[in-house]
Amino acid sequence: MHDDVDPVTFEAGSPAVPPIVLSSYFRSAGDPDPAALHYGRMHNPTWSDLEADLGRLEDADAIVLASGQAATHALLLAARDVLDADVLVAVVPGEGYYGTRNLAAALPGIDARVVDQRDLDALRPALEPGRSLLWVETPTNPLLRVLDLDQLATITHDAGCLLAVDNTLATAALQRPLDHGADVTMTSLTKAASGHSDVILGSLATRDRALAERIRAWRTLAGGIPGPVEAWLARRGLATLELRIRHQSRSAAELAPRLAAHPLVRAVHYPVDGEVTQRQLPHGRGPVVSFVVAGGAATADRVVASSRVVAPGTSFGGVHSSWERRRRWAGDDCDDALIRLSVGVEPVDELWADVSHALDRAG
Ligand SMILES: *Cc1c(COP(=O)(O)O)cnc(C)c1O
């Protein structure tokens, strides 16, 4: 817990940057002291350094796992334990990360139900009182719609259920779902949170002690643990998260209307102005802009192939801009000619020169 973190000490001669602890076990003998370190699948000081920083961002207990998917896996199992349900009903969005839907559908003991979460009349009856986890992703991906977390938290808690928010896109630097009633957040640190496209890692954050305890128990039991090197890299990236993502969001907000004005572009998706967006994303609306080009998939593929600065590829949130035509994967239900652009930290005019040139050439 954030309160338990030792205050930073500036002891003379101590390293300014914490070391990477690679040891697979820690020296111990006799009756195990529960407060001591024993074995590297149970705990590691480098994970703890990262968890302390992540916890401060959300005023919560943060738990790091091997990937976003490992975090989702541990959370589904832990939620089932905490609700004491034989079968956990996971209510997942149709528009959102397809890995979440596929994992929930594949796990025994989890009953996955896909619901359009903007349709509250469909959502309410999908929640089984006392044994559901509502899984929300906002802004949605790839259409960047903003869902009202306070409202969804009320609906979830009225049914005695748990609300989880996938906060990968905005990160805790832009959006704090726990402050809007969520019980737990999941963040793929692979994306903007680490920010340099050099690690696969995930985290969960919660203020619910019982849930945190069950998540840690599943991490130790199933072994979906982070590597210490990855944890160290993610912590270094996290130090600049706020700077990066605010800059990226400003650039994305500037590119959205420029894209909309280009003759080849039929539609642009970016979080719209409004009360809910102001409340949930007061410091920026995220680094991702989606847009649909005229001419279908072939034109969109030509656009993606024509850039010199924006890299073709499937991730988002990193310091280097990237994009892809989303429908080249089977998972997303969107227009065939939709391109998801992740805006990096490059100067915005340099980016626009590259993007507009690619659109001009492909059109
Ligand atoms: C990438 C991603 C995940 C999965 O994270 P991994 O680190 O790749 O396992 C989950 N949710 C969202 C929104 C993502 O973008």
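Is L144 buried or exposed? L144 is buried, with a relative accessible area of 3%. This is a predicted model.

**Ligand shell**

- The side chain of D166 places an N or O atom 2.7 Å from a nitrogen atom of the ligand.
- The side chain of S188 has an N or O atom 2.8 Å from an oxygen atom of the ligand.
- G68 takes part through its backbone: one of its backbone N or O atoms lies 2.9 Å from a ligand oxygen atom.
- These pairs count as polar contacts because the cut-off is 3.5 Å between N or O atoms.
- On its own, the ligand has 380 Å² of accessible area, and the protein covers 92% of that.

**The loop between β4 and α5**

- Most peptide bonds are trans, and most residues other than glycine have a negative phi. The loop between β4 (132–137) and α5 (149–158) holds exceptions to both, as the next points show.
- The peptide bond from T138 to P139 is cis, with omega near -5°. P139 is found in this loop.
- The peptide bond from N141 to P142 is also cis, and its omega is near 15°. P142 has its place in the loop between β4 and α5 as well.
- L144 is not a glycine, yet its phi is positive, near 55°. L144 sits in the loop between β4 and α5 too.
- L144 counts as buried because its relative accessible area of 3% is under the 20% cut-off.

**The loop between β5 and β6**

- T171 lies in the loop between β5 (162–166) and β6.
- T171 has a positive phi of about 65°, although it is not a glycine.
- With a relative accessibility of 1%, T171 counts as buried.

**Aromatic pairs**

- How many aromatic pairs are there? The count comes to 2.
- In the pair of Y97 and Y98, the ring centres are 5.4 Å apart and the planes meet at 25°, so the pair is stacked. The cut-off for stacking is under 30 degrees.
- Y97 counts as partly exposed, at 32% relative accessibility. Y98 is partly exposed as well, at 22%.
- In the pair of F291 and W323, the ring centres are 6.3 Å apart and the planes are at 50°, so this pair is tilted.
- Why does the pair of F291 and W323 tie together parts that are 32 residues apart in sequence? F291 lies in strand β9 (residues 288–293), while W323 lies in strand β11 (residues 322–325).
- Both F291 and W323 are buried.

Note on methods
Residues numbered from 1 in each chain as written. Predicted model: local features only at pLDDT ≥ 70, side-chain atom pairs only at ≥ 80, totals over all residues. Heavy atoms only, no water. Polar contact = N/O pair within 3.5 Å; in protein donor to acceptor, adjacent residues only side chain to side chain. Areas by Shrake-Rupley, 256 points an atom, 1.4 Å probe, with all protein chains shown as cover. Helix = DSSP H or I, 4+ residues; strand = E, 2+ residues; numbered from the N terminus. Buried < 20%, exposed > 50% of the residue type's maximum accessible area, 1.4 Å probe, protein only. Phe/Tyr/Trp six-rings, centres within 6.5 Å; stacked < 30°, edge-to-face > 60°.
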